[in-house]
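This report goes through a structure one part at a time. Please keep the sequence and the model in view while reading.

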Amino acid sequence: MSIADAIAKKIAEQPIPSLMAVQLLKVIEDEDHSLKEVVRLVETDASLTTEVLKVANSAAYYRGQPVTTISRAVLLLGEMMVVGVAICASSSIVFHAPLDGYNSQKGEMWEHSLRTAIAARELARYARKSISPGLAFTAGLLHDIGKSVISGFIAGSTEEMAQSCQNGGVTDFIEAERKLLGTDHAEVGYALAQRWGLPELLCAAIRDHHQPAQSDEKYKGLVYTVHLADLISMIGGCGTGSDSLAYRLDNNYVEYIRFEKEELELLLLKIQGDFVSLKTAILAD
Amino acid sequence: MDIVYVGVGEFLTSKTPGQTIRTLALGSCVAVITLDPKSRTAGLLHVALPDSSINKKRADERPGMFADTGIVKLLDEMKASGFDGTGALTIKLAGGASIMGINNTFNIGKRNVLAVRKCLWRYRLGAVAEEVGGNISRSVSVDIMSGRVIISSPGMGDWEI
Ligand SMILES: [Fe+2]
Ligand SMILES: [Fe+2]
């Protein structure tokens, strides 16, 4: 079997997130839907209800009063974030397995994704054209799903790939993946996202997060938000092993995101705080 | 093996032979390692941001988060656990990384390193070894018995500084 076939087979084998997550996406995509429909769907699923309430009651969102109903939680978090929580809760192979090919321990992929999600939600406030913070959160959460597929195929070559990024043999880890496999975790993530039936905007954010300039103009606001959020997550020490920091900043983000140097430290402090509280809330029983 | 971990914004000192103090995945954060050969005490601080003036309340709760407040605390702690203030304190730094093509706006790693150096100068202290900058994520281990400082990075092995 060729590498391309083997990767395609692996994509097809990845479990699809719960029917619930897919149903939620369908409801939300319909512009005329009501909040009630979302609330009703979440309420039919006991474990999702628990997860959503955990996030709503974490210190990152706490507004002085405990949130006990799904309708309050959905209002607080936004619909897209609820979808993100639903996808994560039902895709443990993607988020919670170690990524051996990246020399990445169990839990690192999840932490990298969560931190990128929080960073994207915060950065959405600086977008020149308005972006929903919940959408940015979910795009950040999902941006690296392709790594779960790619990991097994780069195992054994990882050291060489990381070295090649250091000595300029390739421009970044994406190119190293492409050189070895003919594809990369962003493209594979896109294929996975399409199979899962995610909306095109989220698929584009996954496909273009390392090459935002290549994205369709109408997606660029979100794509650059995720591009920067990924960087912030990695410099914050939350990477996925050998590829951590081996990527390149596209400075054209300035056309889509207005962000000043003086704002960085407070932003990083906020992200660090919310990351710790969301992580503890989600991991707590 | 007796390993004690130092999280983001935390610090500790140890003089327990056989113990290793370790901090993981520094990214743009900076580890400040202090070694007092006389009392055989070692300290480790994991700083995330340059300056506590952005949030005084947070600095009170977690002084180790910031270079300025963290270094004051680390040196106090070194004195409390055996460093008598005389003789030379050996200091090593690690971390302060960024990604490729970083611009000035987002290069917090560089700002962290500069802030740490500046705060150390206030005490007339300077690092004898620095493993900083670049685009690799580093972890640091300090062996209390020997005072050896080992850096590791996923896929790149370990080396001593
Ligand atoms: Fe990525
Ligand atoms: Fe990423």
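## Terms and basis

Donors are N, O and S atoms within 2.8 Å of the metal (3.2 Å for Na, K and Ca); water is not among the atoms, so sites may look incomplete. The model is predicted: local features need pLDDT of at least 70 and side-chain atom pairs count only at pLDDT 80 or more, while totals for chains, interfaces and linings use all residues. Residues are numbered from 1 along each chain as its sequence is written, chains are lettered from A and ligands numbered from 1 in the order in which they are written, and side-chain values use heavy atoms, with hydrogens and water left out.

## The iron ions

Along the chain, the donors of the iron ion (ligand 2) have the spacing H-x30-H-D-x85-D. They belong to His112(A) (NE2), His143(A) (NE2), Asp144(A) (OD) and Asp230(A) (OD), at 2.1 to 2.2 Å. The arrangement is irregular because the four donor atoms subtend angles of 85 to 174 degrees. Four donors count as tetrahedral if all angles lie between 85 and 135 degrees; four count as square planar and six as octahedral if opposite donors are over 155 degrees apart and all others between 65 and 115; anything else is irregular.

The iron ion (ligand 1) is held at 2.1 to 2.2 Å by Asp144(A) (OD), His185(A) (NE2), His209(A) (NE2) and His210(A) (NE2). Asp144(A) bridges the two iron ions, ligand 1 and ligand 2, which lie 3.6 Å apart. Asp144(A) is buried, with a relative accessible area of 1%, and His209(A) is buried at 0%. Buried means under 20% relative accessible area, exposed over 50%, partly exposed in between (1.4 Å probe, protein chains only).

## Contact between the chains

The contact (heavy atoms within 4.5 Å) takes 33 residues from chain A and 32 residues from chain B. About 2800 Å² is buried between chain A and chain B, 66% of it on carbon and sulfur atoms. Buried area is the accessible area (1.4 Å probe) that two parts lose on being put together, summed over both.

## A sheet in chain B

Chain B has an open sheet of five strands in the order 1-3-8-9-10, with mixed pairing. Strands (E, at least two residues) are DSSP runs, numbered from the N terminus, and two of them pair if DSSP finds at least two bridges between them. Strand 3 (residues 19-23) and strand 8 (residues 139-143) of chain B run antiparallel and are joined by four bridges. Ile21(B) has Val142(B) as its bridge partner in strand 8 of chain B.
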